[in-house]
Amino acid sequence: MTTFAALDGTTLAYRTIGGGEPLVCLPGGPMRDSAYLGDLGGLGAHRTLIVLDQRGTGRSAVPADVDTYRCDRLVDDVEALRRHLGLDRLDVLAHSAGANLALQYATRHPDRLGRLVLVTPSTRAVGLTATATLRQEVTRARADEPWFPAAAAALDSMVGGWASPEAWEAIAPFFYGRWDTAAQVHQAAESGQRNEEAARIFGAEGVFDPSATRAALAARRGAVLLLAGEVDLGAPPGLVAQLDELIPHAEVVVQPGAGHYPWLDDADAFTAAIAAFLAGPAGA
């Protein structure tokens, strides 16, 4: 672990994996310990992964001002990391809720962002939400799974307005391409990895300005990869396709059989898609 000081003095930590040009990796959650990313399926064979623990998570310090957990305030931490690394531009990979942070960084610092990889991205920053129809497109593909009846019933109860802890536990298989031992261990670790207070503040009222973010994406000329999981409940491929329509030079890859954590479902397919993109032209 290496540490650096954020603009407000908070000590932030990151771990380094692999070799080659740096690739800054922003975790999701929101506000989840980056440990859940593991080694991103061995992606460090192609790039040096700079895996950030966001403030108040993992080995990064808790800030004095909890309002700095807001996604728009976290942009300053990414910029501080760029300066710490001594880079003119950052290539960034962001997962899930981390995509909102990456998109806000692209809005405020467009000239400092190189290649951008958004993995099973949350789309709150651009004002897109997954409809029941988009979610049904991925859930009905799992109808033959032994866990499906309980998971589907729990999901129906949540759509109706009741989201008990038991319901969240029951729908967990919908976020993985295979509900095997590795997936169950990964899911079981989640509750101990998330800063719940920070997660509530991350997307507080007024944090996102979809119009401004959409305008910035429309003007972007740098390369963008959107990687969706074929059976991901969290970021269904249909939702990722809508995000693609907002970014003129984006490329979409739908990883077959993958859920919300595609590096767990097929590490080779995951790393191959991202490595090929990173090796291509960066755009203007």
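User: Buried or exposed: which is threonine 120?
Analyst: This is a predicted model: local features need pLDDT of at least 70, side-chain atom pairs count only at pLDDT 80 or more, and totals for chains, interfaces and linings use all residues. Residues are numbered from 1 along each chain as its sequence is written, and side-chain values use heavy atoms, without hydrogens or water. Buried is under 20% relative accessible area, exposed over 50%, partly exposed in between (1.4 Å probe, protein chains only). Threonine 120 has 0% relative accessibility, so it counts as buried.

User: What is phi of threonine 120?
Analyst: Threonine 120 lies in the loop between S6 and H3. Helices (H or I, at least four residues) and strands (E, at least two) are DSSP runs, numbered from the N terminus. Most residues other than glycine have a negative phi. Threonine 120 is not glycine, yet its phi is positive, near 35 degrees.

User: What is phi of leucine 40?
Analyst: Leucine 40 sits in the loop between S3 and S4. With a relative accessible area of 0%, leucine 40 is buried. Its phi is again positive in a residue other than glycine, near 50 degrees.

User: Cis or trans: which is the peptide bond from glycine 29 to proline 30?
Analyst: Proline 30 is in the loop between S3 and S4. Most peptide bonds are trans. From glycine 29 to proline 30, omega is near -5 degrees, and the bond is cis.

User: How many residues of strand S4 are buried?
Analyst: S4 spans residues 48–53. Thr48, Ile50 and Leu52 point one way, Leu49, Val51 and Asp53 the other way, and all are buried.

User: Which residue is the bridge partner of tyrosine 14 in S4?
Analyst: Strand S2 (residues 11–17) runs antiparallel to S4, joined by 5 bridges. S3 (residues 22–26) pairs with S4 in the parallel sense over 4 bridges, and there leucine 23 has leucine 49 as partner. For tyrosine 14, the partner is leucine 52.

User: Which residue in S8 stands opposite alanine 228?
Analyst: Strand S7 (residues 224–229) and S8 run parallel, with 6 bridges between them. Opposite alanine 228 is valine 254.

User: With which side chain does the side chain of histidine 260 make a polar contact?
Analyst: Histidine 260 is in the loop between S8 (250–255) and H10 (262–265), and at 7% relative accessibility it counts as buried. Contact means heavy atoms within 4.5 Å; beyond four places in sequence, histidine 260 has contacts including His95, Thr120 and Phe175. A polar contact is a pair of N or O atoms within 3.5 Å; within protein, one must be able to donate a hydrogen and the other to accept it, and residues adjacent in sequence count only if both atoms are side-chain atoms. At 2.8 Å, the partner is aspartate 232.

User: How many residues has the largest nonpolar core?
Analyst: A nonpolar core is a set of buried Ala, Val, Leu, Ile, Met, Phe, Trp, Tyr and Cys residues joined through side-chain atoms within 4.5 Å. Leu26, Val92, Leu118 and Leu243 have the most contacts inside the largest one. Apart from it lies another core, of 37 residues, among them Leu40 and Trp147. The residue count of the largest core is 49.

Note on methods: Two strands pair if DSSP finds at least two bridges between them.
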